[in-house]
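I opened the model today to look up a few local features. My notes follow in the order in which I took them.

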Amino acid sequence: MSMQQPRLPEQAPSAADVRGIIAKRDLVVDLIRTACVVLVVFVHVTMVGVGVGADGITVTSPLQELDWYVAATWIGQVMPLFFVVGGFASAVGWRSTVARGGGARDYVATRLVRLFRPAVPLFAVLAVGLGAATALGTPPDLLAEVAFGIGSPLWFLAAYGITQCCVPVMVRLHERAPWSTLAVLLVVAAGVDGVRLATGAAEVGLLNLGPVWLFAQQLGFLWADGWFARRSRILLVTVAVAVYAAMVPLTSVGLWAPDMLQDLNPPMLPLALLAIAQACLVQLVHAPLTRLMRTRAAQATVFLLGRDGMTIYLWHLPLFIALNGIALLLGLGFPTPGGTTWWATRPIALVVVLAAALAVARALRSFDRPLPRLAPGTDRPAWPVLALAVVCTIGPAFAVMQLHLSFPVAAVGAVLVPVGVHLLTRTHPTPV
């Protein structure tokens, strides 16, 4: 019989500790992660244009009506880069877990709690809101359209959750055969797309949630190893140009869409290629970005937005739609979507949405705390419990991605996600 040793209380880091932590981090990773979240918010703010006219309320997508929109998605589609950055953080996190004596269950539980705790209040609010709207007799078509928009970012929870569960295995494959692993993932992604296109079964494309995003994650492992930093600028430019050149015929023959947002759900091969180009381009500007992140202003901005990045990402669309609804109820004037005034107000809209999201994040800070490290003599849940927790957390997000958001789906998520998070936070004594 073993006795559990009391865990020492954690002390708040001092200013010197914080400076030491900052000095050891690659702050460019934090900058890119934060910039990706802000860019996603800005894209959504410019894709939803609410207008009020003689025909009533209209909703359009001014951004997608621009002539250069499709070309811009080759740069502005940052989700591949987000998974590359996630791969960097995952490699560092896994190695830290191993260094302190943890293993796969410790890593998976810790990462999933950090990912899904902020989703607990979101699913609860969505369930209550959609239930109330249904009870009040909101037209089903309007409610379905609004719910679809609110739920569209939740695919990320499912995709990123899957990649996090695979990190322990994928890191080992990376350490043993990095290039073979990348090649196999790329071939599998192309094969899945081939079957989907040949059969016309869109559901087949869901299989690419694995290889496409795992491929981007593996590139992040290379980044963490310093592989990109050791390459010459000429090689990085050559690879990025070659990848973009290869994507031109790939997206011009009808197999894949030239619009990188259309290639997102389900994820397709061009996004894996885009991850290569984006990783090379980021390394090209790594030095000036590093200098930027040495400034207090940049560090403060990244700290302010980055610490609540997941909450901002999850809540920005519900808040944006709610703010537009409040403006309609108050009878405020709406500029014509796509007009000069409308575009001039987009930065203001971005700031307002970010401020609202930060206020929500501050109110829900208790839901975004990381899982404490294991106390001596304890371990994470056993594999069967962990597997059940994975289904409870990732399952509702996957259902939203496949079935779209609705009251039943939100209600199921409001029950299962907290259950999954609770299971992940449980510990048990280590067998002697």
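**Salt bridges**

I began with D30, which counts as buried at 11% relative accessibility. The model is a predicted one, and I kept that in mind for every entry here. The side chain of D30 forms a salt bridge with that of R33, at 3.1 Å from N to O. R33 has a relative accessible area of 27%, so I noted R33 as partly exposed. Both residues sit in helix α2 (residues 27–47), and because they are three residues apart there, about one helical turn separates them.

I then looked for a pair of this kind in another helix. D193 and R196 are joined by a salt bridge at 3.9 Å, N to O. The cut-off is 4 Å, and 3.9 Å is the N to O distance I wrote down for D193 and R196. They are three residues apart in helix α9 (residues 178–199), so about one helical turn lies between them. D193 has 0% relative accessibility and counts as buried. R196, at 12%, also counts as buried.

Salt bridges with shared partners join R100, D106 and R380 into one network. For the whole model I wrote down a count of seven salt bridges.

**D106 and its partners**

Which residue meets D106 in a salt bridge at 2.9 Å? It is R380, with the distance taken from N to O between the side chains. D106 lies in helix α5 (residues 104–116) and R380 in the loop between β3 (378–379) and α18, so the pair ties together parts that are 274 residues apart in sequence.

Is D106 buried or exposed? D106 is buried, with a relative accessible area of 4%. R380 counts as buried too, at 3% relative accessibility. Leaving out residues up to four places away in sequence, I listed the contacts of D106 as T97, R100, L374 and R380.

In soluble globular proteins, nonpolar side chains tend to be buried together. I looked up the cores in this model with that in mind. The largest nonpolar core has 116 residues, and W155, F156 and W213 are the ones that touch the most other members. Helix α12 supplies the largest share of this core, with twelve residues.

I listed the contacts of W155, again leaving out residues up to four places away in sequence. They are M79, F83, W213, L264, N265, Y313 and M401. There is also a second, separate core of five residues, and L27, L31, M293 and A298 are among them.

**Helices α4 and α8**

The axes of α4 (residues 79–99) and α8 (residues 155–176) come within 10 Å and cross at roughly 50°. That angle makes α4 oblique to α8. The crossing of α4 past α8 is right-handed.

I took down the residues that make the contact. From α4 they are M79, F82, F83, G86, S90, W94 and R95. From α8 they include W155, F156, A159, Y160, T163 and Q164. Further along α8, the contact also includes V167, P168, V171, R172 and H174.

**T181**

I went back to helix α9, where T181 is placed. T181 has a relative accessible area of 10% and is buried. Which residues is T181 in contact with, leaving aside its neighbours within four places in sequence? They are M170, L173, H174 and Q218. H174 is also one of the α8 residues in the contact with α4. I also noted the separation of T181 and L214, which is 33 residues in sequence and 9.8 Å in space, C-alpha to C-alpha.

**Backbone entries**

Two backbone entries remained. The peptide bond from N265 to P266 is cis, with omega near 0°. P266 is in the loop between α11 (233–250) and α12 (269–284). N265 had already come up as a contact of W155.

The other entry is H404. Its phi is near 75°, which is a positive value in a residue other than glycine. Where is H404 found? H404 is in the loop between α18 (383–403) and α19 (407–425). At 38% relative accessibility, H404 counts as partly exposed.

Methods: Residues are numbered from 1 along each chain as its sequence is written. This is a predicted model: local features need pLDDT of at least 70, side-chain atom pairs count only at pLDDT 80 or more; totals for chains, interfaces and linings use all residues. Side-chain values use heavy atoms; hydrogens and water are left out. Helices (H or I, at least four residues) and strands (E, at least two) are DSSP runs, numbered from the N terminus. Buried means under 20% relative accessible area, exposed over 50%, partly exposed in between (1.4 Å probe, protein chains only). Contact means heavy atoms within 4.5 Å. A nonpolar core is a set of buried Ala, Val, Leu, Ile, Met, Phe, Trp, Tyr and Cys residues joined through side-chain atoms within 4.5 Å. Axes are lines fitted to C-alpha atoms, for helices over the stretch in contact, and angles run from 0 to 180 degrees between N-to-C directions. Angles under 35 degrees count as roughly parallel, over 145 as roughly antiparallel, 65 to 115 as roughly perpendicular and the rest as oblique. A crossing is left-handed if the near helix is turned anticlockwise from the far one by less than a right angle, and right-handed if clockwise.
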